[in-house]
Amino acid sequence: MKLGRLGRRGPELPDEVTSTLGERATDVLSLVRDARSRAYIVATTTHVYAVRDSSVVLDRQWHMVDTGSWDDETARLTVNWVDKAPATVWELAEPGTFPQVFRERVQATVVLSDEVDLGVKRKAKVVVRKDLANGALMGQTILGRGVRSTDPGVREETRAALDRLREQVGLD
């Protein structure tokens, strides 16, 4: 398999990745292969992509990652998304630097966060995040397990908490 390099830094990329992502593959920081799906998982400065069979099967910006967990024993990286899309699980046969790059990119998006106690083991998280593609700041509310936005007081409490964070970073 022929490998190409995009830009002045980053890993060498398989032709399938360079031809499929094109200019989107600039500033590649890390590349791994998912052992289950055989997709290439590509971490760039602004996005995470999955490429399989010359198709982009995942294209997400880093600020859309809620949490990620790495299991060193199974080499599984589980990703939970802010928009509650189903979790993504990758088995990384040769993880290299990917778990560290993943963590760094997600952390780079978090400007300020706070946990909102909604009582009786119910919580929410409010976060001001940065879009790494354009630097724009945005607020996010992530409801904990079993919490619905229609529950009494949830919208009001999370909105007030997010407003406090937005004020601290100079957002209206």
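Does serine 69 count as buried, partly exposed or exposed, and what is its relative accessibility? In this predicted model, serine 69 has a relative accessibility of 40% and therefore counts as partly exposed, since that class lies between the limits of 20% for buried and 50% for exposed. Serine 69 belongs to strand S7, which comprises residues 65–71. When residues up to four places away in sequence are set aside, serine 69 touches Arg76, Leu77 and Thr78.

From serine 69 the reader may turn to valine 101. The two residues are separated by 32 residues in sequence, and their C-alpha atoms are 13 Å apart in space. Valine 101 is one of the buried residues of helix H2, together with Phe98, Pro99, Phe102, Arg105, Val106 and Thr109. Viewed down the axis of H2, the buried residues fall within an arc of 165 degrees, so they line one face of the helix. The face turned away from this buried side carries Gln100 and Arg103, which are exposed. Helix H2 has twelve residues, 98–109, and at 1.5 Å a residue it should span 16 Å; the C-alpha atoms at its ends are 17 Å apart, which agrees.

Leaving aside neighbours within four places in sequence, aspartate 151 is in contact with Arg122 and Gly146.

Terms used. Residues are numbered from 1 along each chain as its sequence is written. This is a predicted model: local features need pLDDT of at least 70, side-chain atom pairs count only at pLDDT 80 or more; totals for chains, interfaces and linings use all residues. Side-chain values use heavy atoms; hydrogens and water are left out. Helices (H or I, at least four residues) and strands (E, at least two) are DSSP runs, numbered from the N terminus. The expected span of a helix is 1.5 Å times one less than its number of residues. Buried means under 20% relative accessible area, exposed over 50%, partly exposed in between (1.4 Å probe, protein chains only). The arc is that of the directions from the helix axis to the C-beta atoms. Contact means heavy atoms within 4.5 Å.
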